Amino acid sequence: MDDDEPVGPVSIGARALVLAALAYWTWQMATEPMGWYSLGLVDMANLVFHEGGHILFLPLGSFMTSLGGSLTQFLIPLVCMATFIVKTRDLYAAAVALWWAGENLVDIAPYVADARALQLVLLGGHTGSEVEGHDWEAILGALGWLPYDVALGRGCFRAGVLVMTGAIVWGGWVLRRQYAALGADRPF
């Protein structure tokens with residue numbers, strides 16, 4: 001599947017800069033201790049989708065209400081990716097949306113890893129141990145996986161870095177094809 005519309009040199013340059021920024025952030029996240037980074041506005045959007053997910057899944061019971069926050073936070077970028085592929089056929093934008101999905105896995109990872117320790121500061125400014133716990137304590141506890149919280153958090157982190165890296169490679173491949181098509185349109 002290719003992008004239908006040709007992309008001009010300014011757009012290709014801008015897209016290359018965005019891809020370079022995503023690669024830089026991916027490197028920063030991959031080399032920092034799990035969860036010690038912030039992307040500002042991206043994190044704020046993630047938080048909105050996370051909290052909205054709890055409300056969305058509320059009718060499905062306590063387990064799904066707990067899972068719904070992280071699940072929605074991860075699924076929204078995938079819905080965006082699918083929309084870019086199917087509706088607009090913009091594979092570069094789809095790659096960026098996939099990167100965002102991977103970033104959300106990295107963002108969720110410390111939350112998963114904290115299920116027993118409950119030391120992560122939550123939205124209300126308190127740690128899970130100061131309140132009634134948090135989502136991932138409830139999720140992993142219900143599944144009987146609480147002893148594996150740190151391993152599952154690390155797995156989520158690594159999966160996120162892998163998805164982000166794959167998205168950057170995909171975005172680079174799309175840009176390479178768009179740049180090659182730009183050269184084919186020139187008379188010289």
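**View 1. Residues of H3 meet residues of H4 in this predicted model.** From H3 come Ser-70, Gln-73, Phe-74, Ile-76, Pro-77, Leu-78, Cys-80, Met-81, Phe-84 and Ile-85. From H4 come Leu-91, Ala-93, Ala-94, Ala-97, Leu-98, Trp-100, Ala-101, Asn-104, Leu-105, Asp-107, Ile-108 and Tyr-111. Sort the residues of this contact and you get 18 nonpolar, three polar and one charged.

**View 2. The axes of H3 and H4 cross at roughly 170 degrees.** H3 covers residues 62–88, and H4 covers residues 91–113. Their axes come within 7 Å. Angles over 145 degrees count as roughly antiparallel, so H3 is roughly antiparallel to H4.

**View 3. Arg-15 and Asp-90 form a salt bridge.** Their side chains meet at 3.3 Å, N to O. Arg-15 sits in helix H1 (residues 9–31). Asp-90 sits in the loop between H3 and H4. The pair therefore ties together parts that are 75 residues apart in sequence. The whole structure has two salt bridges.

**View 4. Five side chains make a nonpolar surface patch.** They are Phe-63, Leu-143, Trp-145, Tyr-148 and Leu-152. The patch spans about 470 Å². One of its members, Tyr-148, lies in the loop between helix H5 (135–143) and helix H6 (149–184).

Conventions
Residues numbered from 1 in each chain as written. Predicted model: local features only at pLDDT ≥ 70, side-chain atom pairs only at ≥ 80, totals over all residues. Heavy atoms only, no water. Axes fitted to C-alpha atoms, helices over the stretch in contact; angles between N-to-C directions. Helix = DSSP H or I, 4+ residues; strand = E, 2+ residues; numbered from the N terminus. Parallel < 35°, antiparallel > 145°, perpendicular 65-115°, else oblique. Contact = heavy atoms within 4.5 Å. Nonpolar A, V, L, I, M, F, W, Y, C, P; charged D, E, K, R; others polar. Patch = residues over 30% accessible without salt bridge, like charges linked within 9 Å, V, L, I, M, F, W, Y side chains within 5 Å. Areas by Shrake-Rupley, 256 points an atom, 1.4 Å probe, with all protein chains shown as cover. Salt bridge = Lys/Arg side-chain N within 4 Å of Asp/Glu carboxyl O.
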